[in-house]
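Here's a quick briefing to read alongside the model. Have the sequence and the 3D view open as you go.

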Amino acid sequence: MIETHKIQKSYGNVSVLKNVSLSIKPGKLTMIIGPNGAGKSTYLNIMARMLQADHGEIIIDDKPLKKYKKLELAKKMAVLKQSNQLQLRLTVEELVAFGRYPHSQGRLNEKDDTYIEEALRFTSLTSMRHKYLHQLSGGQQQRAYIAMVLAQDTDIILLDEPLASLDLKHSLDVMRLLKRLTVEQKKTIVIVVHDVNMAGLFADDIIAMKEGQCIYQGTVDDVFTTPVLEAIYDIPFNVQCIQDKKFCIAY
Amino acid sequence: MSDHRKIVILICLTILLVMAYIFYQMPLHHAPYFLSRRLPRVFAMILASAAISISTGLFQTISSNRILTPDLLGYSSMYALMQTLMIFLVGGMGWIIQSPLVSFLLVSSVMVLSSMVLYTLVLRKTAGNMYLLLLLGMVISTFFRSFSSFFQLIMDPNEFSILQNRLLTSVNSANTQVIFISGVVIIVVLPWIIRNLHKYDVLLLGNTHAINLGVDVAKLNQMTLFMIAVLVSVATSMLGPIMFLGLLSVNLARQIMTDYRHKSLLLTSFVLALLFLVFGQLMLERIFAFSINLAVVINVIGGSYLIYLIVKEKAL
């Protein structure tokens, strides 16, 4: 359970987040949508302790973020940022093993091995475990990083645009995988996405941000209405229902 | 060839070279005299290789750049300036200059303290921005260099020749007391580094991943800069400016070993640095008969390798 109280952040004179107070539902897939510059990534990065908020407080499981020890927090919450350029020559398995660092500090035991095995299986990377990362496609690399985050075995996973630079097939693979994580393992997952329809297909809870504020939080049925979407993006929308799923068309 | 075999071969090769250095043309009945001349040099070379390769390896990790050396933070120019100022102010015959121990302690402690003050100030102001620190280091080294050349120009020619001798990289001048103190310092610093090696491995993934995995990156960077300051100051005040060796050995170690972990990387680069140093010193003493200096030998080999590295990096 993550709660944020009155988060404020500005870069120089530009205010990026203005009093964002939200609570993220546990065991659900929450997706943050909104136009560019709405403060989505900044908000996620502040929750993920990658950025410092100017004001406000983040509370994870009834304990303020600042009170956590670094390793303790790393066992509770995992973060994956969008660009993952690596100079290092690593195999998939070596990368995934890094996910166990908060638990074992570099000395892997049998328990760690089972988690690594499980993470590789869940992301269907078992057959590629000995391949070097730079030999893999973008989608496979993204899956390898997700596997690392899974091996970390945290209740909360935050992802900043995991679908960026992935094609439709790989985006769907990644989203299905994340959805399965919330359903089967009751993980709390928060994702920033650009594709609104991805949110419509997979989200349990949608947070809509605009100009540094949360302007709407609710289920797909709440958010996928013409007035709400038009208010978020300032363009005309047409919401359609196809096979019980809601889709929006903006062109 | 496996990493394990490579490192064993390298270690054997280095031990052979060290033995060759110690026992080359040593008449048995004069053994104690020869050993008293050569053993301290070997110890000096071992300590310097360890300090230089470890500091360069760690510096490249925390700055996530493979072609930097801690020298960019201005150590050798600060060393040159301090030597210049000491000789300029005290004169070539002053007791500070004549006692290697006193000048070693003075130079290394000033270097460690001033770099500590600089890092703390800069990192606090810039929220841990390493690149700003590097930029500042470059500006400061240029400033120090111009300052020392100014004093060198107006200096007494006799004192200038004493200074020139000081600014050469040389194993020959290393004093036993100095070597002993350097050894103690390195032995004190080393356990901390070994305990934290796994954190550096995580840092190779980049700052965000390291923070995610629970490493206190800001604190680690600051502590590492402190350790680097100590190691580099000790090595430089013992042998003179020699940081190029670090760049050479660390990058060569990266090419040779497939294991990315710091444990094997730093061990390999230490062995390589020692190999180069002993080899250079052997060449210098036996082939060139001291007509050139150690830095020349190392820089010729190292410089060509660096050019190769840059060209190859560009091709990628």
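How many residue pairs are in polar contact between chain A and chain B? The count is five, with both residues at pLDDT 80 or more; a polar contact is a pair of N or O atoms within 3.5 Å, where within protein one must be able to donate a hydrogen and the other to accept it, and residues adjacent in sequence count only if both atoms are side-chain atoms.

Some ground rules: this is a predicted model, so local features need pLDDT of at least 70 and side-chain atom pairs count only at pLDDT 80 or more, while totals for chains, interfaces and linings use all residues. Residues are numbered from 1 along each chain as its sequence is written, chains are lettered from A and ligands numbered from 1 in the order in which they are written, and side-chain values use heavy atoms, with hydrogens and water left out.

**The A–B interface**

- Chain A brings 25 residues to the contact and chain B brings 17 (contact means heavy atoms within 4.5 Å).
- About 1,900 Å² is buried between the two chains, with 64% of that from carbon and sulfur atoms (the accessible area, 1.4 Å probe, that two parts lose on being put together, summed over both).
- A:Leu88, A:Phe98 and A:Tyr101 supply 31% of the area chain A buries against chain B, more than any other three residues.

**A:Ser171**

- You'll find A:Ser171 in helix α7 of chain A, residues 168-185 (helices are DSSP runs of H or I, at least four residues, numbered from the N terminus).
- A:Ser171 is buried, at 5% relative accessibility (buried is under 20% relative accessible area, exposed over 50%, partly exposed in between, with a 1.4 Å probe and protein chains only).
- Its side chain reaches the backbone oxygen of A:Asp167 at 2.8 Å.
- Beyond neighbours within four places in sequence, A:Ser171 touches A:Leu163, A:Leu166 and A:Met198.

**Cysteines**

- Over all chains there are zero disulfides (pairs of cysteine sulfur atoms within 2.5 Å).
- A:Cys214 is in none, as the nearest cysteine sulfur, that of A:Cys248, is 18 Å away; A:Cys214 is partly exposed at 27%.
- The sulfur of A:Cys241 is 12 Å from its closest cysteine sulfur, in A:Cys248, so it is too far for a bond.
- A:Cys241 is exposed, with 53% relative accessibility.

Notes:
Helices (H or I, at least four residues) and strands (E, at least two) are DSSP runs, numbered from the N terminus.
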